[in-house]
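Trainee: Could you take me closely through the aromatic ring pairs of this model, and through the surroundings of the residues that form them?

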Amino acid sequence: MTGSTATTAGARAHARAQGGTVTACMPTVPARGLAEPPAGVDAADLVWAETVPGGGYAHRRLAAGTALRLTDLDGDACVSVLLFSADEPWERLNVADTVKVLWQAYVGEGHLLLSDQGRVLASVTAGARDRADTFCGTSTLLRNTERYGDGSAHGPSPAGRELFTLAAAKHGLSRRDLPPSISFFQGVRVDADGTFRWLGSAGPGASVELRTEMPVVALLANVPHPIDPRPAYTCTPVQVRAWRDRRTAPGDPLWTRTPEGERAFANTADHLTARGLS
């Protein structure tokens, strides 16, 4: 160490001098009272406010009935999302069932994110359909190393799976607990010959909003899409805002939108009632 950090006292003074520093990408703690809430949201209900850089990750345990809004600030974010039951994390997002049970691969408003137990971890309440991807998952160490020269979590071009591994560890989970993820803001379509076609960005200011239907652990990794053809590692910040809202109730049109969805909501309500959470 050199300069003012060459001694323990100097290092401590330097570290404490950073207090109050604000950067473009960081969590706002506590969110309530410090962060600007979305329009129409009471500031007292805000529970999570963070801006995640390109090549960054975030994680949070959220109560049932929490609204989670992700916003692509500059038009080149690609945020992959994993959800786990907060109480029994072996129950987790199952992208295959989310697509298969609800007969729709292109996720958008009104779609349900299902676990492998046929329960609704979260519902999509706004945005996404033309720029969500349930096919490709997130990037890997090998793929990023081949494309960019490095895919390690702390390198210049981190892979999504490596970042998910760090986020999962904060909740007692390991790499083996990571299923395929769903991503937002960089769309993909399947052509008639089965080829994946990258659609590119949804544009600056695009957002997607989820509503948690169970207590969940949410993991986010903001990295370039795996089939983004651009040679440079290109990914811009995503803004995260979450606030206390409500769970979907039987009288909500979303509950009865499809027979499959109604069954999934009934399974969820039954599960929560048995645990005294409903």
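**Aromatic pairs**

Mentor: Trp 255 is buried, with a relative accessible area of 10%, where buried means under 20%, exposed over 50% and partly exposed in between, for a 1.4 Å probe and protein chains only. This is a predicted model, in which local features need pLDDT of at least 70 and side-chain atom pairs count only at pLDDT 80 or more, while totals for chains, interfaces and linings use all residues. Residues are numbered from 1 along each chain as its sequence is written, and side-chain values use heavy atoms, with hydrogens and water left out.

Rings of Phe, Tyr and Trp (its six-membered ring) pair if their centres lie within 6.5 Å, with planes under 30 degrees apart counted as stacked, over 60 as edge-to-face and the rest as tilted; by this rule there are four aromatic pairs. One of them is edge-to-face and joins Tyr 106 to Phe 135, at 5.9 Å centre to centre and 70° between the planes. Tyr 106 lies in the loop between α2 (95-101) and β5 (112-114) and Phe 135 in the loop between β7 (132-133) and α3 (141-148), so this pair ties together parts that are 29 residues apart in sequence; helices (H or I, at least four residues) and strands (E, at least two) are DSSP runs, numbered from the N terminus. Phe 135 is partly exposed, at 32% relative accessibility.

Another pair, Trp 255 with Phe 265, is stacked, at 5.0 Å centre to centre and 10° between the planes. Phe 265 is buried, at 2% relative accessibility.

Ring pairs also link Tyr 106, Phe 135 and Phe 196 into a cluster.
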